[in-house]
Amino acid sequence: MSPLTELLRRATAEELRAVAGTAFARRLARGTLERGAYVRWLSCLQAIYAELEWALMWHRQHPVVGPLCLPELWCNELLQDDLRALLGPGWYASARRQDAAPTVERLGLLCDEAPELLAAHAWALYATALPGQGQTGGGLARALGLRGSTGTVFLRHATHLDGEAYRAHLLDTLDQLTLSASAREALLHESSRAVRSVYALFEVLGRGLPQERQAREESRSGWLQSLTPLRGAFGA
């Protein structure tokens, strides 16, 4: 029988390609998101990761969930740091997270009724190549005028070397789980559902994006306006 992680990859390969093909994911990969869209994405992720990580910790004695409690991979606090940097100390009241509600509700339901299926969401959110992972944050930082790691801690965490080791450990742990055939099938089904929920989120976030040409013109206009004081300063 194939390892569980290989079955998970096969079960979600099509959905992961669909996520990567969304307008929002393409704009994220190019580092051309405007600030509001980027903050909205971070806000939704923060709500999702916070719910998942709370549920994992709550069930840390569970035979399936417990081995997957790897705080080294957790992202809630990183996302909070980014939102605090971008929105200020009152970030929680300003964050728009309503688009994450379906996923958060699903995680809450699993926490109460089927905690073993949280493993599918842990795999999807920590071990797959979701858009945003594998980036250094440099492109977005330049596009948004951010300095250093300000506002891009989450993106940079996804690429740090220790993270690769912990993700490998997560995959090994999943492969070592002792599950019945029906439990495996349920986990595969839930993993597909988890990635589809990410796709749905990216689709919603992409609907409000300006067209590429409009975005370029707005960026160029802002750049030219920033030069106006300089021309005046030199007597132009």
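Contact here means heavy atoms within 4.5 Å. By that criterion, among contacts in the protein chain between residues at least 6 apart in sequence, 81% join residues at least 24 apart. The model is a predicted one.

Start with the chain as a whole. Its secondary structure comes to twelve helices and zero strands. Read from the N terminus, the elements run α-α-α-α-α-α-α-α-α-α-α-α. The protein chain has 236 residues, and 46% of them count as buried.

Now go to helix 1, which spans residues 4-20. T12 sits in this helix. Its relative accessible area is 0%. The cut-off for buried is under 20%, so T12 qualifies. Beyond residues up to four places away in sequence, T12 touches W123, S191, S192 and V195.

Helix 2 comes next, covering residues 23-30. Its buried residues are F24, A25, R27 and L28. Seen down the axis of helix 2, these buried residues fall within an arc of 165°, so they line one face of the helix. An α-helix has 3.6 residues a turn, so residues three or four places apart point the same way. Just after helix 2, G31 takes a positive phi of about 70°.

Then consider a helix pair. Two packed helices are described by the angle between their axes and the distance between the axes. Helix 3 holds residues 35-58 and helix 4 holds residues 76-87. Their axes come within 9 Å and cross at roughly 150°. Angles over 145 degrees count as roughly antiparallel, and helix 3 and helix 4 are therefore roughly antiparallel to each other. Their crossing is left-handed. On the helix 3 side, the contact is made by R35, Y38, V39, L42, S43, L45, Q46, Y49, A50 and E53. Helix 4 contributes N76, L79, Q80, D82, L83, L86 and L87.

L42 is buried, with a relative accessible area of 0%. Leaving aside neighbours within four places in sequence, L42 is in contact with L79, D82, L83, L86, G151 and F154. L42 and D82 are 40 residues apart along the chain, yet their C-alpha atoms are separated by 7.8 Å.

Notes
Residues are numbered from 1 along each chain as its sequence is written. This is a predicted model: local features need pLDDT of at least 70, side-chain atom pairs count only at pLDDT 80 or more; totals for chains, interfaces and linings use all residues. Side-chain values use heavy atoms; hydrogens and water are left out. Helices (H or I, at least four residues) and strands (E, at least two) are DSSP runs, numbered from the N terminus. Buried means under 20% relative accessible area, exposed over 50%, partly exposed in between (1.4 Å probe, protein chains only). The arc is that of the directions from the helix axis to the C-beta atoms. Axes are lines fitted to C-alpha atoms, for helices over the stretch in contact, and angles run from 0 to 180 degrees between N-to-C directions. Angles under 35 degrees count as roughly parallel, over 145 as roughly antiparallel, 65 to 115 as roughly perpendicular and the rest as oblique. A crossing is left-handed if the near helix is turned anticlockwise from the far one by less than a right angle, and right-handed if clockwise.
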